[in-house]
Amino acid sequence: MEKEHGHGKHQYGMVIDLDKCTGCGTCMTACAAENNVSVRPDESDKQRSIAWMQLFKITNGKEFPHTEVSYFPRPCMHCNENGRGHHVSPCVSVCPPTATQLDLDTGIVSQIYTRCIGCRYCQAACPYKARYFNWWDGYFPKGKGLERYLSPEVSPRMRGVVEKCTFCHHRLMRAKTKAYAEGRREIEEGEYITACAEACPAQAITFGDLNNPKHKVSQLIKSPYAFRLLERLNTKPKVYYLSTKDWVRKMADNYLPGEFKPVTKIGG
Amino acid sequence: MDSPLIPEGVKRCSPKLFFLWTLPWLGLLAWGGISAFLCLYKGLNQTNMSNIFAFALWIVFDLAVIALGAGAFFTGFLTYIIGKGELKNIINAAVIIGFICYSGAVAMLGIDIGQPIRGWFIFWHANVHSMLVEVSFCITCYLMVLGIEFIPIILENRQLDKVPELHFFGHNLHEIMAVFAATGTFLSFFHQGSLGGMYGVMYARPFAARGGFYVWPWTFFLFILSAIAAGPCFTILCTKLAEKITRKKLVPDRAVQTLAKISAWLLASYMVLKIADTLGWLYGIVPKAGLQFMDFYREGPYGVWLVVAELLICGIVPAIILMIPKAREHGGWLITACLLTCTGIVLNRFVFIVVNLAIPVMPFDRFWSYLPTWQEWGIGMAVVGYGFLLFSLAYRYLPVFPMEKNLNPVSE
C-alpha cells in the first residue's frame, strides 16, 4: 500500500476492521456523548441530523441465502490532500474564513466553531458527507439527564455553524497535559485514543500514530486487505478499513467494469 | 402629483396607476421580508436545505442573477473602453439591472450563511486559497463600483439636477466613468470566474471537478464567458419587457442589435469551449474516478435531458439564431434566442449546484431529493419584486433611456 502520511511528526489515524464490526452503533453513541453532539426531539430527518460517526449498512446485493451484510462506520477521514496533490484536505482549502485547518503536526483536521460563518462550502466539497451543519440551536433536554452528560472539555456548537469529527482532539490535549506533568515529552500508544475506538465492543477500531512504526495502526495498514474510502480521488484519508471480503472492498470505491482487482496474494 | 420629478419631455402613467403597478412587487417584497425574518430569527431550519444540499435554491438564484447581471460590466466595457457609442442608449438600463442583480444577490447571501453577523470574517480571516474569498472580495467591491455608476443616473433626476453642486458632481462622475467601467470589468472577470472556480476546485467531487490552468480550473473561464454571453441577452430581454409594458420604443434597434451580435459570437465561442470541456471531463476526470457518464444521470429527475437542454436547446440553438442577422433582427426570434440563452445559463448554474450535490460520491450512499420551502421561494421572489420595483422607480423618475424623448415625441 502506498504510504503518504504527511510530513509532520505524528499523523494520527484509524483502522476499522469491517469483518469485526457488528453494526451495533456503540461508536456513534459514544462519539455523540463524548463530543456534546446535540439531538432533536424528533431525529427522523436524517438529512439534517448530526452524526460525526455515521454507520452505513451495505449488502452484496445477492438474493437469500447468498445475502451478506457489512457496515461502514464513517468518521471524518482527516484527509491529507485535496485530490490534486496539494497538502490540504478538500474542505480546508475551500473554507473562506479559515475556520478549518489541517494540523501538520498531528494530521488532525480541526474546526473552529466560533470562526465558522456557516457558508457550508466545506460540506459541498467533502465527498464523504462527514461535515454537519447545525440547523437548530443546540438542544440537550433538561430533566432527562442529558445536560449532566455534557463534557466540559468540548465546546457545544451554536446554530448556524458546521461541525465534524475531530478525532477527539481534546483527548490528545488531555494526554499531552498528563505527559508533560509527568515530565515526558511524548505520549505512549494507547494514551490517546478516540471515544469510538475505546467504546467499540468488538474492538474493531484501532487508533494511533500512522507515522510510528511501533503503533498497531501503522502495522495494520500494511495488510493487503487494508483500503480507504474513495481512494481513487486522492484525498489521502487517514482512516483505513480492513475487510477480507472482495465485495466490501469493491464497495469502498468506484470502479469501471473489470478494474477491480481482488486480493490474491496474502502477506504482501 | 409627482410630475415635477418626472423627466422632461416624456410621458408617464398617473401616480395612481403606478401605485397599483407596484402592488404585486411590494407583495413579493413582503413575502420575502417575512421569510427573511423567519430565517434570521429561527434559523436555516426554515428551509429545506440539508447536510446533503448544503447549497440550494438561493445559491442557484445568486449565481443566476450574477451571471445575468453581467450585462452591466460588459456593456460598460463595450461602451467606455471599446468605444461602442450606440450602446450609450442602453448602458443606463444595463447598470441599473446589474445593480439590482448584485445587490439582490448580496442580500440573499446575507441570509444564506448560518452566522450572518460573522460575514465580515471572510475579509478579516480570509483564506486566500478559497475561491469564495475571491468571490466575496470582488462582488463587494464591484457592488460599490455599480453604486458609483448608478449615482450619476440618479443625479440626472430633474429636481436633483437643479442643485448646481450635484449637477457638477454628476457631470464629473460621467467624465471619469471609463475608470469605473475598467475597474468593474476587472472585478467582474474575477468574481464571475471564481464563482465557476468554486465548483471546478471541488476535486473530490468528480461531477464538478475540472482540470485547468495554474490555480484556475476550466470552469473559471467558462463562467466568465457564459456570463458575458448571457448578460447582454438579459439586458435586451429587460428593455424589451420595458418596451412592451410601457408600449413605447425605448432603445434604438442599433444598440440592441450590437449587443445581440456580440452575444451571438460569445455564446458560440462558449459553446465550443463548453463542449470541449465536457468531453475533456468525460474522457479524463470521470474514468479516472472509476465512473461512467451515465453514473451521474441515473437517479431522480436529473437525467441526460439536462445535458441536451443545456448544451443543445439552450446553447447551440440560440447561438445559431443570434448569429444569423435576419433572425436576430426579427423581434420574435431575438426574444426566443435571448430567453433560451438565459435559461441555459441558469440551467448550467443549477447543474453545478443542485445536481452536483444530489449525486452521491460514495458507491453505497443513496440519492436524496430536495424541494425548496415557501420561505426559500420567498427570499428568491423578493429579489424579483425588488428588481421590478427599483427598475420601475428608475424608469419613472430618471432619464434611463436617453433616446426615449426622440423616439416618442410628446404632442403638446
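This note goes through a predicted model in numbered points, covering a sheet, a chain interface, helix packing and some single residues.

1. Basis. The model is predicted: local features need pLDDT of at least 70, side-chain atom pairs count only at pLDDT 80 or more, and totals for chains, interfaces and linings use all residues. Residues are numbered from 1 along each chain as its sequence is written, while chains are lettered from A and ligands numbered from 1 in the order in which they are written.

2. The sheet in chain A. An open sheet of chain A holds 4 strands in the order β8-β1-β10-β9, with mixed pairing. Strands (E, at least two residues) and helices (H or I, at least four) are DSSP runs, numbered from the N terminus, and two strands pair if DSSP finds at least two bridges between them. At the edges stand β8 (205-209) and β9 (226-227) of chain A, each with a single partner strand, so one side of each has no neighbour in the sheet.

3. Pairings within that sheet. Strand β1 (residues 12-17) of chain A runs antiparallel to β8(A), joined by 5 bridges; here A:Ile16 is opposite A:Ile205 of β8(A). β1(A) is also joined to β10(A), by 4 bridges and in parallel, with A:Asp17 opposite A:Leu242 in β10(A). β10(A) and β9(A) pair antiparallel over 2 bridges, and A:Ala226 has A:Leu242 of β10(A) as its bridge partner.

4. Cover of β10. Strand β10 (residues 239-242) of chain A is covered on both faces. A:Val239 and A:Tyr241 on one side, and A:Tyr240 and A:Leu242 on the other, are all buried. A residue counts as buried if 20 or more other C-beta atoms lie within 10 Å of its own, exposed if 12 or fewer, and partly exposed in between, with C-beta atoms placed from the backbone.

5. The interface. In the model, 46 residues of chain A are in contact with 38 residues of chain B; contact requires C-beta atoms, placed from the backbone, within 7 Å. On the chain A side, β2 (54-59), α2 (90-94), α3 (121-125) and β6 (132-133) are the elements that give two or more residues. α3(A) gives the most, with 4 residues. By class, this side has 27 nonpolar, 10 polar and 9 charged residues. Ala, Val, Leu, Ile, Met, Phe, Trp, Tyr, Cys and Pro count as nonpolar, Asp, Glu, Lys and Arg as charged, and the others, Gly among them, as polar.

6. Helices α10 and α11 of chain B. α10 (residues 253-288) and α11 (residues 305-323) of chain B pack at about 140 degrees, with their axes 8 Å apart. The axes are lines fitted to C-alpha atoms over the stretch in contact, and angles run from 0 to 180 degrees between N-to-C directions. α10(B) and α11(B) are therefore oblique to each other; angles under 35 degrees count as roughly parallel, over 145 as roughly antiparallel, 65 to 115 as roughly perpendicular and the rest as oblique. Residues of α10(B) in the contact include B:Ala260, B:Leu267 and B:Ile275, and those of α11(B) include B:Leu311, B:Pro318 and B:Met323. The residues of this contact divide into 12 nonpolar, 2 polar and 1 charged.

7. B:Leu267. This residue lies in helix α10 of chain B. B:Leu267 counts as buried because 31 C-beta neighbours are inside 10 Å. Leaving out residues up to four places away in sequence, B:Leu267 touches B:Ala229, B:Pro318, B:Ala319, B:Leu322 and B:Thr341. The C-alpha atoms of B:Leu267 and B:Met323 are separated by 9.4 Å, and the two residues are 56 residues apart along the chain.

8. Helices α3 and α4 of chain B. α3 (residues 71-82) and α4 (residues 91-112) of chain B pack at about 150 degrees, with their axes 7 Å apart. α3(B) and α4(B) are therefore roughly antiparallel to each other. The residues of their contact divide into 6 nonpolar, 5 polar and no charged.

9. Backbone points to check by eye. The peptide bond from A:Phe64 to A:Pro65 is cis, with omega near 10 degrees; A:Pro65 is in the loop between β2 and β3 (69-74) of chain A. A:Asn36, a residue other than glycine, has a positive phi near 50 degrees and is partly exposed, with 19 other C-beta atoms within 10 Å. B:Tyr214, also not a glycine, has a positive phi of about 55 degrees. B:Tyr214 is in the loop between β1 (212-213) and β2 (216-217) of chain B and is exposed, with 6 other C-beta atoms within 10 Å.

Key
Two residues are in contact if their C-beta atoms, placed from the backbone, lie within 7 Å.
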